[in-house]
Amino acid sequence: MKKAMYVGSFDPVTSGHINILVRASRLFDEVVVVVSANTAKKYWFSVDQRVDMIRTALEDNGVRQVSVMAHDGLTVSLAEELDISILIRGIRSIKDMEYEVDIATLNKIQNNNIETVFLISDEQYRSISSTMVKEIAYYNGKIDSLVPSNVAGALIDAVIKRRSS
């Protein structure tokens, strides 16, 4: 049974992330989504909120063989613990590719048995990033096609909360 892991901060999960997960679920028997901490980021949503948003979006898209969990630590250590040797990474652009190749190389140094599989974003998702989605939401732009419906509502609530503080 081939298992793979898709790791990210998912703050918030976007339609592009879901597209990668749907496609990965066709390639692997099981995919584990890992909501991770990134020390360089300031989050709009808690880890629990991000896990719940991903679970709901996957259920809404009929994706069954994908599980979601949170983790704070090295991706490679969790992969070893879960007996997973394949990491999935979505690539939107050349800029992403450069960054992701560096990460894949560092992961390989940590554990030579870890392989990274890159999935190129479908064209309609290439310009979507969580950062840009939050910016668009903050300024009342159109986000419905950029994020799953459950995330759109959560973003609107987060904007209201941010504006009132």
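Residues are numbered from 1 along each chain as its sequence is written. Because the model is predicted, local features need pLDDT of at least 70 and side-chain atom pairs count only at pLDDT 80 or more, while totals for chains, interfaces and linings use all residues.

Read from the N terminus, the order is β-α-β-α-β-α-β-α-β-α-α. The radius of gyration (taken over C-alpha atoms) is 16 Å, close to the 15 Å from the globule rule for 165 residues, so the chain is as compact as a globular protein of that length. That rule is 2.2 Å times the number of residues to the power 0.38.

Now find helices H5 (130-138) and H6 (residues 149-164). Their contact (heavy atoms within 4.5 Å) involves Val-133, Lys-134, Ala-137 and Tyr-138 of H5, and Leu-155, Val-159, Arg-162 and Arg-163 of H6.

Finally, look for the largest pocket, with about 1200 Å³ of space. On a 1 Å grid over the protein atoms alone, a pocket is an open set of points where a 1.4 Å probe fits, with protein on both sides within 12 Å along at least five of seven lines; the volume is the space filled by probe spheres set on the points, which are joined across faces, edges and corners. Lining residues have an atom within 4 Å of a point, and H4 gives the most, with nine residues.

Note on methods. Side-chain values use heavy atoms; hydrogens and water are left out. Helices (H or I, at least four residues) and strands (E, at least two) are DSSP runs, numbered from the N terminus. Axes are lines fitted to C-alpha atoms, for helices over the stretch in contact, and angles run from 0 to 180 degrees between N-to-C directions.
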